[in-house]
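Subject: Structure for you to look at

Hello,

Here is the structure I said I would pass on. Please open it before you read the notes below.

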Amino acid sequence: MSHYFTFVKKEVLEGLRTSRMLVMLLVFLGFGILSPLTAKLTPNLLELLVPEGLSFNLPEPGALDSWAQFFKNTSQMGLIVTIVVFSGIMANELSRGTMINMLTKGLSRNAVVLAKYTYMVLLWSLSLAFCALVTQAYTVFLWPSDNVASLFFSIACLCLFGAFLLAVLLFAACCFDGVPACLLTSGSVVVVMLVANIFPNVEKYNPLSLASLNVELLMGVVKAADLYWSIGITAVLTVMLVVASVLVFRKKQL
C-alpha cells in the first residue's frame, strides 16, 4: 500500500509539472461558464439570424436549458479532452524509461496500475465537479427561481461513465504500446456502444445511457430506476477492466 500512495502522490506532482491538471481544470471551467451563457444568449442570436418579415416565438430559456448545455459539453468534448489528456499516461513513461527504472528497484506493478487509474478518476471527477459548481453558480444567478430535479444523480451517472472510459483507456495502455492504439481502442468502444443503442432493448443495459440520458433525467422523462441496470453493468465492467489491466501489466515485457 505504501507503493500505491507514493505513486499516487507522484502522479499528482507530475500532473502539476506537466500542466495536465491545469489544462483539465481550465477546459472544464470554460464549459462551466459557457453552458448557462449559451442557454441565455441562444434565443437572442437566433432572432438576429431570422430574415426580416419572419417572426416566431421562442420559449424563454431557463435552468434546464443551462444544464442541457452542461451535459452536452461535458459528455462530448469534455470526455474527448479527458481521454486525449490521459492517452499517454503509460506510453510516455515507458518510452522515457522512467517507469522501468522504478520497477527494477522494486516498485509494485499492481501499485503502478492502480495509482494511475486512481489519479485519472480523481482528476476527471474533480474537473467535472468544478464545472458543475461553476455552472450552478451562473445558473442560480441567471434563473434564481428555477429548480432542476435529479441533478446530482445525473452528474454522478456521467462521472461513472467517465470512470468506465478511463478504465478502457487504462486497459488499452497496458495492452498496446503508443498513444494512437489507446485512442483507437477507446473510440472503438464508444462506437460499439452507439451502434448497440440502435436496438431499443439494449439501451437500458448500455453504459452509454449514463452519458446520453442526463437531460431526460432532469426532465423526468427517464426515472433513476431506469438506469439501475446501466449503472450496475458499468460498475462491474469498470472493475473487470481495472483488474484485467493489472493482470496484463504484470506479464508485460518492458
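This is a predicted model: local features need pLDDT of at least 70, side-chain atom pairs count only at pLDDT 80 or more; totals for chains, interfaces and linings use all residues.

Residues are numbered from 1 along each chain as its sequence is written, and side-chain values use heavy atoms, with hydrogens and water left out.

The whole chain

The protein chain has 11 helices and zero strands. Helices (H or I, at least four residues) and strands (E, at least two) are DSSP runs, numbered from the N terminus. Of the 254 residues, 42% are buried, where buried means under 20% relative accessible area, exposed over 50% and partly exposed in between, with a 1.4 Å probe and protein chains only. The accessible surface is about 13,300 Å², and carbon and sulfur atoms hold 69% of that surface; the areas come from the Shrake-Rupley method with a 1.4 Å probe, and for residues only the protein chains shown count as cover. Among contacts (heavy atoms within 4.5 Å) with a separation of 6 or more, 83% join residues 24 or more positions apart.

Helices α3 and α7

Two packed helices are described by the angle between their axes and the distance between the axes. For α3 (residues 63-86) and α7 (residues 151-175), the axes come within 11 Å and cross at roughly 20°. That makes α3 roughly parallel to α7, a label for angles under 35 degrees, with over 145 roughly antiparallel, 65 to 115 roughly perpendicular and the rest oblique. Axes are lines fitted to C-alpha atoms, for helices over the stretch in contact, and angles run from 0 to 180 degrees between N-to-C directions.

Residues in α3 that meet α7 include W67, F70 and F71, and those on the α7 side include S154, I155 and L158. The residues of this contact divide into 13 nonpolar, five polar and no charged. Ala, Val, Leu, Ile, Met, Phe, Trp, Tyr, Cys and Pro count as nonpolar, Asp, Glu, Lys and Arg as charged, and the others, Gly among them, as polar.

Two residues

S154 lies in α7 and counts as buried because its relative accessibility is 0%. Beyond its neighbours within four places in sequence, S154 contacts F71, N214, L217 and L218.

Y117 lies in α6 (residues 109-142) and is buried, at 12% relative accessible area. Y117 and L166 are 49 residues apart in sequence, with their C-alpha atoms 7.4 Å apart.

Regards
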